[in-house]
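Welcome! Here is a short tour for anyone meeting this protein fold for the first time. Take a look at the sequence and the model below, then follow the points by topic.

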Amino acid sequence: MKAEREASCKETAVPSLFFLLWLFIFTLAGVCGVNISCPSPLVRGTLGGSALLSVSYTSTSSDKPVIKWQLKRDKPVTVVQSIGTDIIGNLRPEYRGRILLYENGSLLLHHLQLSDEGTYEVEISITDDTFTGERYVNLTVDVPVSRPFVHIAASSVLELTELFILNCTHDSGTKPTYSWLKGGKSLTNDSRLLLSHDQKVLTISRVVMSDDDVYSCRVENPISSMKSLPVKLTVYGRSSLYIILSMGGIFLLITLVTVCACWKPSKKKRQELAGQSRQNVAEQNNGNHEVDILPARNYQNRRNPGGLYVLKETDPNGGVFHIPTQIWIMSSP
């Protein structure tokens, strides 16, 4: 019985020893290691702007820390390595003049490039400490989106039209996501209002009168959001189309009658027409005629003798006929 009790005590004592050892190691790490905290593990930056990869550390040692920042790739890229804030060695060409280190280990990147996007690892170690602290910070770099536009083939459509398409486009911006609004409320896929996979295109199938509304689209990315100007879509019913066509035809007929009744040529135009008419008559009268003026004869006891006009007409056979056309009557004394 006594032997069994001693064996049971030994079995209980072994796990207790392991627990105490683990607790001792954990306490030692907390006392002699570097603890790094990161207030924001995700940082969003803008192309050409700046981004602060913020961290802080605690240590029982008063020595300067060795800080190392790397950009994780298939092969990690060393961004900077320093003792305190004193940089060790030469920076890579793409980082020269663009980085600044703080005493708490934070890294400031200026003039962000799209290639700066990725996961950054920071390691901080101190000679007297047993453990090295490390943390990861994700950085995204984006271009703000521009204002989108809604493109439609026409601003009006006839009821029961099979398909009507609205397209949302924008000029610039990275990682865009699209959404649609009808009457200021968000749209989702349903049996008639169909959104494309990327939600850039809205298709209305079999248009009904309730589709008569205001539509707009929104484009967003991690750093910006823009909404298009609203576009009004008018839906005409089948019956109203016949009324519109009838009224349009009547209005056009009245307009034509009014214009024809009120139109008259201007004074200048009338003068041109009169001159052209006289010229045409003169050309017809002088077609194949030549006019000779015979010298006046002297008559006794008469004054102001007149001239005799004779038409000379050319015969087709070469002969000439003289036909008097007008005789002036002499005045008697």
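Strands E19 and E20 make a hairpin, and 2 residues sit between them. Please keep in mind that this is a predicted model.

**The hairpin**
- Strand E19 covers residues 213-221 and strand E20 covers residues 224-227.
- The two strands run antiparallel, and 4 bridges join them.

**The disulfide**
- How many disulfides does a search of the whole structure find? The search turns up 1.
- That disulfide joins cysteine 168 to cysteine 217, with an S to S distance of 2.1 Å.
- The pair links distant parts of the chain, as the two cysteines are 49 residues apart.
- Cysteine 168 belongs to strand E14 (residues 163-169), while cysteine 217 belongs to strand E19, the strand that also forms the hairpin with E20.
- The torsion about the S-S bond of cysteine 168 and cysteine 217 is about 65 degrees, so this disulfide is right-handed.
- Are these two cysteines buried or exposed? Both cysteine 168 and cysteine 217 are buried.

**A nonpolar patch on the surface**
- Leu52, Leu100 and Tyr102 come together as a nonpolar patch on the surface.
- Together, these three residues have about 250 Å² of accessible area.
- Leucine 100, one of the patch residues, lies in strand E8, which spans residues 99-101.

Technical notes:
Residues numbered from 1 in each chain as written. Predicted model: local features only at pLDDT ≥ 70, side-chain atom pairs only at ≥ 80, totals over all residues. Heavy atoms only, no water. Patch = residues over 30% accessible without salt bridge, like charges linked within 9 Å, V, L, I, M, F, W, Y side chains within 5 Å. Areas by Shrake-Rupley, 256 points an atom, 1.4 Å probe, with all protein chains shown as cover. Salt bridge = Lys/Arg side-chain N within 4 Å of Asp/Glu carboxyl O. Pairing = 2+ DSSP bridges. Disulfide = S-S within 2.5 Å. Buried < 20%, exposed > 50% of the residue type's maximum accessible area, 1.4 Å probe, protein only.
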